[in-house]
Amino acid sequence: MGKPIVICGFMGSGKTTVGRLLAKRLLDKFIDLDEEIEQTQKMSIPNIFKEKGEEYFRALEHVTLQNVLRSPGPFTPVVAVGGGTLMDPDNAALLKEYECYVVYLSTDFDICYERIKSSNRPLVMQNTREQLRALYDQRHEVYAGLCNTQLYNHGAPERTVTNIISLINPLSIQKL
Ligand SMILES: Nc1ncnc2c1ncn2[C@@H]1O[C@H](COP(=O)(O)OP(=O)(O)OP(=O)(O)O)[C@@H](O)[C@H]1O
Ligand SMILES: O=C(O)C1=C[C@@H](O)[C@@H](O)[C@H](O)C1
Ligand SMILES: [Mg+2]
């Protein structure tokens, strides 16, 4: 089994879309951390934030990431994490511990914003465009510092997936 591939980036950068397609192309298992949390909690993320608070959500995010990386089963997982997951140093440490290959989708803020502005993502509801821009800049530093590879997701998602596959070091991914 190869090393887990983790897709990170700001909200709307395309982690879920690209991660799902990448896993399909590699015949790997796709796990979306947000969806995993919603399934195990039987509650939507906006409702978790509303009823339990962000701190509770962040704790769930950590435990879920740990469980996903600890028991990957027979397939190499492609894991799309949440936009805020890697801001927790304990989560960054898990990526190191499990030797994940980290792909950062550094999609431009304006593109991300257009994709998320009308959604019910809690941080989009709670923050102005300017505040989200500041959060984007702050997170960019962290994602860029942790990733193995950084690329945009501006064109067709299939093209982004092809770019990722060509960038992944074949020696670190046994299946390629
Ligand atoms: N390359 C692309 N071209 C056009 N639209 C895209 C592309 N990638 C993603 N999208 C669209 O942008 C929106 C956000 O994408 P997606 O949900 O994959 O982002 P995300 O990074 O997973 O967001 P979140 O952090 O909220 O989970 C979706 O409507 C998706 O269809
Ligand atoms: O950027 C964030 O902090 C978040 C992004 C989403 O993926 C969800 O994980 C949640 O809405 C928080
Ligand atoms: Mg997503």
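Predicted model: local features only at pLDDT ≥ 70, side-chain atom pairs only at ≥ 80, totals over all residues.
1. Basis. Local features need pLDDT of at least 70 and side-chain atom pairs count only at pLDDT 80 or more, while totals for chains, interfaces and linings use all residues. Residues are numbered from 1 along each chain as its sequence is written, with chains lettered from A and ligands numbered from 1 in the order in which they are written.

2. Ligand 1. The shell holds 18 residues (C-beta atom, placed from the backbone, within 6 Å of the ligand). Met11, Gly14, Lys15, Thr16 and Thr17 come nearest. Helix 1 (15-26) and helix 9 (157-167) each give two or more residues; helices are DSSP runs of H or I, at least four residues, numbered from the N terminus. Helix 1 has the largest share, three residues.

3. Thr16. This residue is found in helix 1. Thr16 is partly exposed, because 17 other C-beta atoms lie within 10 Å (buried is 20 or more, exposed 12 or fewer, partly exposed in between). Beyond residues up to four places away in sequence, Thr16 touches Asp32 and Ala80 (contact means C-beta atoms within 7 Å).

4. Helices 3 and 4. Ile48, Phe49 and Lys52 of helix 3 meet Glu54, Tyr56 and Phe57 of helix 4. Four of the contact residues are nonpolar, none polar and two charged.

Note on methods
Contact = placed C-beta atoms within 7 Å. Nonpolar A, V, L, I, M, F, W, Y, C, P; charged D, E, K, R; others polar.
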